[in-house]
Amino acid sequence: TDVNLGFTYKFNIDKYRWDVRLNIFNLLDTQKGETFAEYEGFYGETFTRRTVLYYKPRSYRLSLGLRF
């Protein structure tokens, strides 16, 4: 499971509006996810399908915004 987290802080200095944002992507640092599904074939045989998802490593983004 890919979990992301974001935080925003807004404040005013004089007549200007500032935004500070911190985003953390892949908070749990999950590297891989697997799922399995079974299908029945035409003649009654069972097939198992495996799906593997690879996630990007944890990353951070810090941004500062100004409105005037």
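Trainee: Which order do the elements of the protein chain run in, from the N terminus on?
Mentor: The order is β-β-β-β-β. Bear in mind that this is a predicted model.

Trainee: OK, what about overall shape? What does the C-alpha trace span along its principal axes?
Mentor: About 75 × 20 × 10 Å. The radius of gyration of the protein chain is 22 Å, whereas a compact globule of 68 residues would have one near 11 Å.

Trainee: How much of the chain is buried, then?
Mentor: Buried residues are 10% of the 68. The chain exposes about 6200 Å², with 55% of that supplied by carbon and sulfur atoms.

Trainee: What share of the contacts with a separation of 6 or more comes from residues 24 or more positions apart?
Mentor: That share is 47% in the protein chain.

Trainee: Switching to charges: how many positive and negative side chains are there?
Mentor: There are 11 positive and 8 negative ones, and the centres of the two sets lie 15 Å apart.

Trainee: Now the rings. How many aromatic pairs are there?
Mentor: The count comes to three. In one of them, the ring centres of phenylalanine 11 and tryptophan 18 are 6.5 Å apart.

Trainee: Why is the pair of phenylalanine 11 and tryptophan 18 called stacked?
Mentor: Because their planes are at 5°, and planes under 30 degrees apart count as stacked.

Trainee: What about phenylalanine 42 and tyrosine 43?
Mentor: They form an edge-to-face aromatic pair, 5.0 Å centre to centre with 85° between the planes. Both phenylalanine 42 and tyrosine 43 are exposed.

Trainee: Which residues form an aromatic cluster?
Mentor: Tyr9, Phe11 and Trp18 form one.

Trainee: Last topic: where is threonine 30 found?
Mentor: In the loop between strand 2 (16–25) and strand 3 (32–40).

Trainee: Why does threonine 30 count as buried?
Mentor: Because its relative accessibility is 17%, and buried means under 20%.

Trainee: Which residues is threonine 30 in contact with, leaving aside neighbours within four places in sequence?
Mentor: Threonine 30 is in contact with Thr1, Tyr55 and Lys56.

Methods
Residues are numbered from 1 along each chain as its sequence is written. This is a predicted model: local features need pLDDT of at least 70, side-chain atom pairs count only at pLDDT 80 or more; totals for chains, interfaces and linings use all residues. Side-chain values use heavy atoms; hydrogens and water are left out. Helices (H or I, at least four residues) and strands (E, at least two) are DSSP runs, numbered from the N terminus. The radius of gyration is taken over C-alpha atoms; the globule rule is 2.2 Å times the number of residues to the power 0.38. Buried means under 20% relative accessible area, exposed over 50%, partly exposed in between (1.4 Å probe, protein chains only). Contact means heavy atoms within 4.5 Å. Accessible areas come from the Shrake-Rupley method with a 1.4 Å probe; for residues, only the protein chains shown count as cover. Lys and Arg count as positive and Asp and Glu as negative; His and the chain ends are not counted. The place of a charge is taken as NZ of Lys, CZ of Arg, CG of Asp or CD of Glu. Rings of Phe, Tyr and Trp (its six-membered ring) pair if their centres lie within 6.5 Å; planes under 30 degrees apart count as stacked, over 60 as edge-to-face and the rest as tilted.
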